[in-house]
Every structure is written in C-alpha cells, then in structure tokens.
Amino acid sequence: LQEPALITALEGDPNSSIALPYLPGSVLRGAIIQLYIRQQRETNKQYQFDDTNETIRALFFDGQTLFLNGYLFHEGQRSLPVPLSWQQKKGAADSEIYDFACHDSSQDDPEADWQGVKKFPFCLVTEGAVQPVDPKKLTAVHIARNRHTSQNPDDEEQRAVYRYVSLAAGQTFSA
C-alpha cells in the first residue's frame, strides 16, 4: 500500500469506519479494471469499456480469472486466515490452540467453553509452528462541525466525531 486503505464492511457504527484486515478480491478486480481502461485509453482516447465483449468477459467476469483476497505478505509468504476449526478455551486468550478439524478436544475437557481464535486474524504456518500475523492499522479521528449554522461552540447537535481505522501504508498484500 502506498497510502492508507479504508475498505470497510457495510455494517457497523455510522460514525466509525474500520477497515477489513485484507483487500477483498472484488475490490482488487475493480482496481485492475480501472487500470485496464486507463491503459486502453492511452492508445485510443475514445475507448469505452464493454462488458459484453468476449475478451473483457474472459478477463474479468466469467470466472476464468479468479480475483482472490489480498492477505498480508509477511516474511516472503502470503499469510492466510486463521482456520475456523482452531479453537481456544473461552476467557483464556493465551491458552493453547486446538485444531478441531484434527481432534475434537471438547471431549478431552467437556466442561470447557470453546471459542475461535480472536487475538490475530491471519497466520503463517511453517514447519509445524504458527506465527500470528496482523496487518498494521492507522487510526484517525475527525470532528465535523457546521460553521454556518452554529455560532455556539458548545452546541453538541452541530458537531459529530468520526473515527477511521485504515490499513496502514507501507504494507504488502498478496492475492
């Protein structure tokens, strides 16, 4: 990323935007389409993108080309999301991680409540070791106010606080 990226899900607080921890494949496809159009217009200023064109459909829309999510590229490899089958004892964030796909540990400890791993969204698995990976984020706060309608600085109705958490610049993602 050459600058911070704020790609969010639709749900959440209307006064807060929190970036997804990855770059969705659909967003990457849109960026590549934009680049394609720009390149075509370098040689033909009148170029119009036609999604019914056979070549365009094969490149972008008919499933021949897949646009995978971009996950953090760390130490020379693409990280992957933590599997849903990885579970920890609830309330013990630093407890051992169990892979329920290999062995149902709930039968070893039937009294335990289990939950998915929450402390990191991605990981690298090398030689049996798990390395947690979490993209760097940048938080910005913006206070909006209407200068024209509010002469009173204490008028709370005329101000709003917005918080943005974006993916920080300088990181590399791989798709």
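Hi everyone, let's start at a helix end: Asn 53 caps the N-terminal end of helix α2, which covers residues 54–61. A side-chain oxygen of Asn 53 lies 2.8 Å from the backbone nitrogen of Thr 55. Please keep in mind that this is a predicted model.

What follows α2? That is Gly 63, and its phi is positive, near 90°.

Now let's turn to the sheet. Three strands make up an open sheet, in the order β4-β8-β9, and their pairing is antiparallel. The edges belong to β4, residues 80–81, and β9, residues 129–133. Each of these two has a single partner strand, so one side of each is left without a neighbour in the sheet.

Let's look at one pair of strands in there. Strand β8 runs over residues 122–126, and it pairs with β9 in the antiparallel sense over five bridges. If you have the structure open, find Thr 126: it stands opposite Ala 129 in β9. The hairpin of β8 and β9 has two residues between the strands, and Glu 127 takes a positive phi there, near 50°.

As a bit of background, side chains in a regular strand alternate between the two faces of the sheet.

On to the cysteines. How many disulfides does a search of the whole structure find? The count is zero. And is Cys 123 buried or exposed? Cys 123 is buried, because its relative accessible area is 6%, under the 20% cut-off. Cys 102 counts as exposed, because its relative accessibility is 68%, and the cut-off for that is over 50%.

Note on methods
Residues are numbered from 1 along each chain as its sequence is written. This is a predicted model: local features need pLDDT of at least 70, side-chain atom pairs count only at pLDDT 80 or more; totals for chains, interfaces and linings use all residues. Side-chain values use heavy atoms; hydrogens and water are left out. Two strands pair if DSSP finds at least two bridges between them. Helices (H or I, at least four residues) and strands (E, at least two) are DSSP runs, numbered from the N terminus. A polar contact is a pair of N or O atoms within 3.5 Å; within protein, one must be able to donate a hydrogen and the other to accept it, and residues adjacent in sequence count only if both atoms are side-chain atoms. A disulfide is a pair of cysteine sulfur atoms within 2.5 Å. Buried means under 20% relative accessible area, exposed over 50%, partly exposed in between (1.4 Å probe, protein chains only).
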